[in-house]
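Take a look at the model below. The text walks through its helix packing and then its ligand site.

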Amino acid sequence: MLQMDIKNSFDLKRKVFVITGGAGLLGQKHAEAVTEGNGIPVLLDISREGLDDAVSHMKMKYGAETEISGFAADITSREDIGCARDSIIKKYGHIDGLINNAANNPKVEGGAANMKAIQFENFPLEMWMEDIAVGLTGAFLCAQVFGQAMAEQGSGVILNLSSDLGVIAPDQRIYRKKGLPDEEQPVKPVTYSVIKHGLIGLTKYLATYYAEKGIRANALCPGGVYNGQNEEFLDKLTPLIPMGRMASADEYKGTVLYLISDASSYMTGSTVIADGGRTCW
Ligand SMILES: NC(=O)c1ccc[n+]([C@@H]2O[C@H](COP(=O)([O-])OP(=O)(O)OC[C@H]3O[C@@H](n4cnc5c(N)ncnc54)[C@H](O)[C@@H]3O)[C@@H](O)[C@H]2O)c1
């Protein structure tokens with residue numbers, strides 16, 4: 001029987017974890033979880049400037065000697081991902097985990113006045129393709145390229161960042177803004193639902209496909225993170241959450257560390273929901 005020391009099972013033992021979208025709000029928190037768990041975070045992001053800021057922030061927080069790397073890469077490009085894999089293997093000799101976290105944050109030209117552009121009836125094919133390219137195709141390509149490196153060594157973990165909106169539909173009423181005509185009301189874009197539900201499917205596929213190769217794959221569905229949203233939005237959202245509030249960005253670090261460490265050694269193909277209870281209602 002497998003004997004486990006519980007505290008020790010959370011120790012990442014200097015393993016290397018690739019975090020896509022590592023320069024973003026949650027990507028940096030996943031990096032903190034890896035560092036605090038005694039692992040080595042490798043950030044992949046399309047934004048070179050964002051990566052530099054994220055790496056400096058980590059060095060300031062954990063000390064100049066902290067092991068962390070940032071690689072500029074567009075995860076919609078297999079070539080970019082392959083180059084990143086080669087550089088990481090050259091530098092560390094191994095890749096032990098992948099956190100598929102990157103997402104497209106499309107800017108809608110013209111702001112609120114042009115929100116009708118993302119309403120379902122008008123949603124541009126181009127925007128559909130761009131969102132899917134990052135959120136789903138990027139996750140698929142990273143799982144393919146980094147998954148193969150992990151399969152070759154016979155161990156690894158994949159964590160896919162879905163969302164509470166990976167299991168429920170967005171309640172479009174909470175995005176509405178007072179005073180705007182119906183056709184200009186903001187909506188949660190259709191791509192968000194499709195990508196987040198799709199990532200749960202990808203997780204189950206990878207979990208079963210890679211089980212014999214010693215690779216586990218799970219999905220994390222976080223609820224919304226408080227990030228300066230306006231009162232009108234918060235007043236509509238928080239009553240939908242049994243805990244009555246959004247999450248702080250730090251509140252997923254424990255779940256992330258659990259899911260990427262040996263503490264979750266018997267979990268694969270799971271959808272873990274951390275949403276203040278929202279999806280229970
Ligand atoms: N923030 C939330 O409230 C929340 C809630 C639930 C789920 N999520 C999910 O968590 C993940 C992270 O969210 P976030 O709020 O930190 O987002 P974010 O926008 O702050 O970060 C996303 C990062 O992805 C990077 N990126 C975009 N396109 C890329 C590409 N082609 N190649 C490489 N990198 C690319 C961006 O540069 C950015 O740094 C997303 O998948 C998001 O959907 C977030």
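This is a predicted model: local features need pLDDT of at least 70, side-chain atom pairs count only at pLDDT 80 or more; totals for chains, interfaces and linings use all residues.

Residues are numbered from 1 along each chain as its sequence is written, and side-chain values use heavy atoms, with hydrogens and water left out.

Start with helix α2 (residues 25-36) and helix α3 (residues 48-62). Their axes come within 11 Å and cross at roughly 40°. Helices here are DSSP runs (H or I, at least four residues), numbered from the N terminus. Axes are lines fitted to C-alpha atoms over the stretch in contact, and angles run from 0 to 180 degrees between N-to-C directions. The two helices α2 and α3 are therefore oblique to each other. Angles under 35 degrees count as roughly parallel, over 145 as roughly antiparallel, 65 to 115 as roughly perpendicular, and the rest as oblique. The crossing of α2 and α3 is right-handed, a term used when the near helix is turned clockwise from the far one by less than a right angle. On α2, the contact (heavy atoms within 4.5 Å) uses Q28, A31, E32, T35 and E36. On α3, it uses A54, H57, M58, K61 and Y62. By class, that gives 4 nonpolar, 3 polar and 3 charged residues. Ala, Val, Leu, Ile, Met, Phe, Trp, Tyr, Cys and Pro count as nonpolar, Asp, Glu, Lys and Arg as charged, and the others, Gly among them, as polar.

Helix α2 also meets helix α8 (residues 253-260). Here the axes come within 9 Å and cross at roughly 60°. That makes α2 oblique to α8. The crossing of α2 and α8 is right-handed. K29, H30, E32, A33, V34 and E36 of α2 touch K253, V256, L257 and I260 of α8. This contact divides into 5 nonpolar, 1 polar and 4 charged residues.

Now move to helix α4 (residues 78-92) and helix α5 (residues 125-153). Their axes come within 10 Å and cross at roughly 30°. So α4 is roughly parallel to α5. The crossing of α4 and α5 is right-handed. The contact of α4 with α5 has 8 nonpolar, 2 polar and 2 charged residues.

Which residues come nearest? Of the 24 residues around the ligand (a heavy atom within 4 Å), these are L26, D45, N105, K196 and V225. A backbone N or O atom of L26 sits 2.7 Å from a ligand oxygen atom. For V225, a backbone N or O atom lies 2.8 Å from an oxygen atom of the ligand.

Notes
A polar contact is a pair of N or O atoms within 3.5 Å; within protein, one must be able to donate a hydrogen and the other to accept it, and residues adjacent in sequence count only if both atoms are side-chain atoms.
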